[in-house]
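Please find below some notes for a colleague who is opening this structure for the first time. They are meant to be followed with the structure in view.

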Amino acid sequence: MSDKRIPRVELPEGIHLDTLAVREGLPASAWGENSEALFLTSSFRQPDAATAAARFANEEEAFIYSRFTNPTVMMFERRLAALEGAQACIATSSGMSAILLLGMGLLKAGDHVVCSQSVFGSTIMLFGREFAKFGVETTFVSQTDVAQWQQAVRPNTKLLFAESPTNPLTEVCDIAALSAIAKKAGAWLAVDNCFCSPALQRPIEYGADLVIHSGTKYLDGQGRVIAGAICASEALVNEKFVPVMRSAGMSLSPFNAWVVLKGLETLGIRMEAQSRRALELARWLEAQPQVERVYYPGLESHPQHALAMAQQSGSGGAVVSFVVRGQAEGGAPEARRRAFHVIDQTRVCSITANLGDTKTTITHPASTSHGRLTEEQRQAAGITQGMIRVAVGLDDVRDLQADLLRGLATL
Ligand SMILES: *Cc1c(COP(=O)(O)O)cnc(C)c1O
């Protein structure tokens, strides 16, 4: 980049994350607005032809056209980068387009990727089917077995891709261990940090090179817009992603950027409050006789409880999954009937596959988010027909318990 940069917000040295979450961005405009402005403009006027030429040639950092970036989008990028402890960030139109940009920016035909088999369903499709069309091969491995990652690495491996914790089983991967494997292999490690957000987990501190976000989830936090981002070093963002963004245009709209930017201001307190409620609900679910198993990293019964507590700032996050008893009695169809019954008896929870909302959401992963997978892929991912996922919002836990008990008590 050039030495003529867009100015930064002036803050004292050593400022903390909570303050950055409400302050980082761009300096106010000439009007001195206190709340960040929404710049709904597709292009930017240039003072003269020579300056326009310098800016198009990247000799001077400035706003040109909103496919490249935009002041509101840049405020979101700078704020999210600060929260993740990254040098830079590039915003995208969705979480999936962040992963598309990741692939287009880092990979070429003949390259190989190692990816957790438990990542978001569309991520499996993108790596396993779409990128494969362009000659990029992906090996899917166990989320939790570090040896499998090591064994899958080849001389042409360029990228390791993980997500932690995963949806809906809340499996946790050891980011530091994966980073060591990536470094030895000369590959990049990308971590989808959607479920924890930087309020609970900062993968770069554990050696990740890139952090992927669906801004749609906790960053917005109120279920309003679709957004995404990649956080990484300035070199990776400027050299690998900015040129693809300019040509391919998976840009974030300024309106959506503004919504997510303002969402970041309350991220810390939302994650804290929602995680506290999730832990309480998970403990309660574990005590219900109709519940076979509860998946939540904050429970001592979770297989990677210790790792999760260390990596996730002592919090399990806000997503709880559980399995309703029934598979043993009537097989998968009966398990599915019972899970549907529990979901259909709720009156507070929203039946929707989204998560990260202040409104608690409930979903049946096997027939929704993971419905496009083959039965084999679902088995490998451990997603059974009796499983229900609850993404805990800010509803009172007592109301959530009553909501779930209505179905559980009448199975
Ligand atoms: C939702 C989600 C995505 C995709 O994000 P969109 O904004 O819906 O495109 C990617 N990864 C994880 C973990 C998600 O939950």
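**Notes on the model**

1. P165 is found in the loop between β4 (157–163) and α7 (175–185). The model is a predicted one. The bond that joins S164 to P165 is a cis peptide bond, with an omega of about -10 degrees. For background, most peptide bonds are trans.

2. T170 is another residue of the loop between β4 and α7. T170 is not a glycine, yet its phi is positive, at about 55 degrees. Is T170 buried or exposed? With a relative accessibility of 1%, T170 counts as buried.

3. S197 also has a positive phi without being a glycine, here of about 65 degrees. Helix α8, which covers residues 197–200, contains S197. The relative accessible area of S197 is 0%, so S197 is buried. As a general point, most residues other than glycine have a negative phi.

4. The largest nonpolar core has 62 residues. Those with the most contacts inside this core are F76, L281, L285, F322, I388 and L404. Which residues does L404 touch, once its neighbours within four places in sequence are left aside? L404 is in contact with L281, W284, L285, F322, V342, T346 and I362. There is a second, separate core of 29 residues, and among its members are A98, L107, V119 and I124.

5. Helix α3 (residues 71–84) packs with helix α10 (residues 254–264). Two packed helices are described by the angle between their axes and the distance between the axes. For α3 and α10, the angle is about 35 degrees and the axes are 8 Å apart. Their crossing is left-handed. On the α3 side, the contact is made by T72, V73, M75, F76, R79, L80 and L83. On the α10 side, the residues are P254, A257, W258, V260, L261 and L264. F76, listed here in the contact, is also one of the residues with the most contacts inside the largest nonpolar core.

6. How many aromatic pairs does a search of the whole structure find? The search finds four. Y65 has a relative accessible area of 35% and is partly exposed. F68 counts as partly exposed too, at 23% relative accessibility. The ring of F68 also has the charged end of R246 sitting over it, 4.1 Å from the ring centre.

7. The rings of F127 and F131 form another edge-to-face pair, because their planes are at 80 degrees, with the centres 5.3 Å apart. Both residues lie in helix α5 (residues 121–133), and they are four residues apart, about one turn of the helix. F127 is buried, with a relative accessible area of 0%, and F131 is buried at 7%. Together with F161, F127 and F131 form one aromatic cluster.

8. A charge over a ring is also found at F120. There, the charged end of K217 sits over the ring, 5.0 Å from its centre.

9. T69 lies in the loop between α2 and α3. Its relative accessible area is 15%; since buried means under 20%, T69 is buried. Apart from neighbours within four places in sequence, T69 is in contact with F44, F63, M74 and E77. T69 and C231 are 162 residues apart along the chain, and their C-alpha atoms are separated by 15 Å.

10. P47 is in the loop between α1 (17–23) and α2 (49–56). Is P47 buried or exposed? At 59% relative accessibility, P47 counts as exposed. The C-alpha atom of P47 is separated by 11 Å from that of A62, which is 15 residues away along the chain.

Key: Residues numbered from 1 in each chain as written. Predicted model: local features only at pLDDT ≥ 70, side-chain atom pairs only at ≥ 80, totals over all residues. Heavy atoms only, no water. Core = buried A, V, L, I, M, F, W, Y, C linked by side-chain atoms within 4.5 Å. Buried < 20%, exposed > 50% of the residue type's maximum accessible area, 1.4 Å probe, protein only. Contact = heavy atoms within 4.5 Å. Phe/Tyr/Trp six-rings, centres within 6.5 Å; stacked < 30°, edge-to-face > 60°. Helix = DSSP H or I, 4+ residues; strand = E, 2+ residues; numbered from the N terminus. Lys NZ or Arg CZ within 6 Å of the ring centre and 35° of its normal. Axes fitted to C-alpha atoms, helices over the stretch in contact; angles between N-to-C directions. Left-handed = near helix turned anticlockwise from the far one by under 90°.
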